[in-house]
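Subject: Structure for your review

Hello,

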Amino acid sequence: MSGLVLKLAPKERVLINGAVIENGDRRGRLSIMTPDANILRLRDAIHPEEATTPVRRVCYAAQLVLSGDSDPDQAKMSLLRRIEELSQVFTDPDSRKALAQATEALVADHPYKCLKALRTLLPREERILALRPQ
């Protein structure tokens, strides 16, 4: 029997299906046996005040679906529109692939996979914004 194995650092927190779980004082492992469980390492979470760029805002919206703080059905159309808007800016093949993966995951009701695909755009967005004249 296989599943997702999370290796946690001491005191690391993880969100699993809406519940925050904190590891103890030593490294630990959790085996998640439920398929399609919604899991987010809190160290990877985008906080509301950090959602200051277009990609970060879309990631944050996907994260809210993943955490259970946003209704998936209501958020889906908004997220699809936002992903389409990003596709107008990110026109290179790698970005297009990531956006296509995010769209497919969203349509298939896999918010984690959607967020994972969108997060790959964060370094590219940072580079683009760093080149922008002030």
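Six residues from domain 1 and seven residues from domain 2 make up the contact between them, where contact means heavy atoms within 4.5 Å.

This is a predicted model, in which local features need pLDDT of at least 70 and side-chain atom pairs count only at pLDDT 80 or more, while totals for chains, interfaces and linings use all residues. Residues are numbered from 1 along each chain as its sequence is written, and side-chain values use heavy atoms, with hydrogens and water left out.

Overall layout

The protein has five helices and five strands, in the order β-β-β-β-β-α-α-α-α-α along the sequence. Both are DSSP runs numbered from the N terminus: H or I of at least four residues for helices, E of at least two for strands. The C-alpha trace spans about 45 × 35 × 25 Å along its principal axes. Of the 134 residues, 35% count as buried, that is, under 20% relative accessible area, with exposed meaning over 50% and partly exposed in between (1.4 Å probe, protein chains only). Among contacts with a separation of 6 or more, 52% are between residues 24 or more positions apart.

Largest pocket

The largest pocket holds about 540 Å³ of space. A pocket here is an open set of points on a 1 Å grid over the protein atoms alone, where a 1.4 Å probe fits, with protein on both sides within 12 Å along at least five of seven lines; a cavity is a set from which the probe cannot get out, and lining residues have an atom within 4 Å of a point. Grid points are joined across faces, edges and corners, and the volume is the space filled by probe spheres set on them.

Where does the largest pocket lie relative to the domains? Domain 1 and domain 2 both give residues to its lining, so the pocket lies between them. There are 23 lining residues, and L4, A37, I39, Y112 and K113 lie nearest the centre. β1 (4-8), β5 (39-41) and α4 (111-119) each supply at least two lining residues, and the largest share, six residues, is from α4. By type, the lining has 12 nonpolar, four polar and seven charged residues (nonpolar: Ala, Val, Leu, Ile, Met, Phe, Trp, Tyr, Cys and Pro; charged: Asp, Glu, Lys and Arg; polar: the others, Gly among them).

Cores

A nonpolar core is a set of buried Ala, Val, Leu, Ile, Met, Phe, Trp, Tyr and Cys residues joined through side-chain atoms within 4.5 Å. The largest has 29 residues, of which L79, I83, C114 and L118 touch the most other members. α1 (54-67), α2 (72-89), α3 (93-107) and α4 each supply at least two residues of this core, and α1 gives the most, eight. A second, separate core of seven residues includes V14, I32, A37 and I39.

R41, in strand β5, is buried, with a relative accessible area of 18%. Leaving aside neighbours within four places in sequence, R41 is in contact with L6, K7, L8, E12, R13 and V14. K76, in helix α2, counts as buried at 17% relative accessibility. With the neighbours within four places again left aside, K76 is in contact with L106, V107 and D109.

Regards

How values were computed
Domains from an automatic or database assignment.
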